[in-house]
Structure formats: C-alpha cells, structure tokens
Amino acid sequence: MITAPLEVPTVFADFADLWDPFRSGQGPAPGYVASLAPAARDRLRDALRATVPTAPDGSVPLTARAWAVKGVRALRP
C-alpha cells in the first residue's frame, strides 16, 4: 500500500470567511458546531480565532490536506 499527502494552499479572506461555513450545520464538523450550546460554540470560535495564523491584511492562510491511498487487492484462488 502506498500513501501520499495531497496538499492545497487555501487562503480565507478573513476569519469570518473561515468560520461562517461551520455555522451551516451541513457535514460532520459543521454538524458538531451546530450541536453545541451557544456559549460552547462561542468558546470554540474564540479558541479557533486565537489559534489560526492571520496575515497582516487579515486573511487566514491554511493548507488543506487529504491522504491518497493506493493498494493492491489480492486475487482469490
């Protein structure tokens, strides 16, 4: 089996551009965020804001990563 990372640089215009999709409730991560009580959601938002890198212009540059896997299935006799 072979694995390799696929990386794509992504730049969000600002923190709201990054955070707003998490408020939609569509998908696993946004679904989790939507399930939180408002105070917990606010704490998560604030912790994320304090953690992500922010450029001087306010943009948020991140790297999106997915893993590619190639395997070989054995033939049955």
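With which residue does Asp-42 form a salt bridge? The partner is Arg-45, and the closest N and O atoms of the pair are 3.2 Å apart. The model in which this pair is found is predicted.

The chain has a mean pLDDT of 93. A value of 70 or more is reached by 100% of its residues. Confidence is lowest in helix 2, residues 28-35, where the mean is 93. It is highest in helix 3, residues 38-51, at 97.

The chain contains 3 helices and 2 strands. Their order along the sequence is β-α-α-α-β. The radius of gyration is 18 Å, whereas the globule rule gives 11 Å for 77 residues. The chain is therefore more spread out than a compact globule. The C-alpha trace spans about 60 × 30 × 15 Å along its principal axes. Of the 77 residues, 13% count as buried. The accessible surface comes to about 6,100 Å². Carbon and sulfur atoms account for 60% of that surface. Contacts between residues at least 6 apart in sequence were also examined. Of these, 71% join residues at least 24 apart.

The largest nonpolar core has 6 residues. Its members are Phe-15, Leu-18, Trp-19, Val-33, Val-52 and Val-60. Helix 1, residues 15-19, supplies the largest share of this core, with 3 residues. Val-33 is one of the core residues. Beyond the residues up to four places away in sequence, Val-33 touches Trp-19, Phe-22, Arg-41 and Leu-44.

Salt bridges number 4 in the whole structure. Two of them share Arg-45, which pairs with Asp-42 and with Asp-46. In the bridge between Arg-45 and Asp-46, the closest N and O atoms are 3.1 Å apart. Asp-42 and Arg-45 are 3 residues apart in helix 3, so about one helical turn separates them. Asp-42 is partly exposed, with a relative accessible area of 36%. Arg-45 is also partly exposed, at 24% relative accessibility. Asp-46 falls in the partly exposed class too, with a relative accessible area of 39%.

A further salt bridge joins Arg-23 and Asp-20. Here the closest N and O atoms lie 3.6 Å apart. Arg-23 is exposed, with a relative accessible area of 56%. Asp-20, by contrast, is partly exposed, at 40%.

Lys-70 is found in strand 2, residues 60-70. This residue is exposed, with a relative accessible area of 58%. Leaving out residues up to four places away in sequence, Lys-70 touches Met-1 and Ile-2. The C-alpha atoms of Lys-70 and Thr-3 are separated by 6.4 Å. Along the chain, these two residues are 67 residues apart.

Ala-13 lies in the loop between strand 1, residues 2-12, and helix 1. Like Lys-70, Ala-13 is exposed, with a relative accessible area of 54%. Apart from neighbours within four places in sequence, Ala-13 is in contact with Gly-58 and Ser-59. The C-alpha atoms of Ala-13 and Pro-61 are separated by 8.7 Å. Ala-13 and Pro-61 are 48 residues apart along the chain.

How values were computed: Residues are numbered from 1 along each chain as its sequence is written. This is a predicted model: local features need pLDDT of at least 70, side-chain atom pairs count only at pLDDT 80 or more; totals for chains, interfaces and linings use all residues. Side-chain values use heavy atoms; hydrogens and water are left out. pLDDT is the predictor's confidence in each residue, from 0 to 100. Helices (H or I, at least four residues) and strands (E, at least two) are DSSP runs, numbered from the N terminus. A salt bridge is a side-chain nitrogen of Lys or Arg within 4 Å of a carboxyl oxygen of Asp or Glu. Buried means under 20% relative accessible area, exposed over 50%, partly exposed in between (1.4 Å probe, protein chains only). A nonpolar core is a set of buried Ala, Val, Leu, Ile, Met, Phe, Trp, Tyr and Cys residues joined through side-chain atoms within 4.5 Å. Contact means heavy atoms within 4.5 Å. The radius of gyration is taken over C-alpha atoms; the globule rule is 2.2 Å times the number of residues to the power 0.38. Accessible areas come from the Shrake-Rupley method with a 1.4 Å probe; for residues, only the protein chains shown count as cover.
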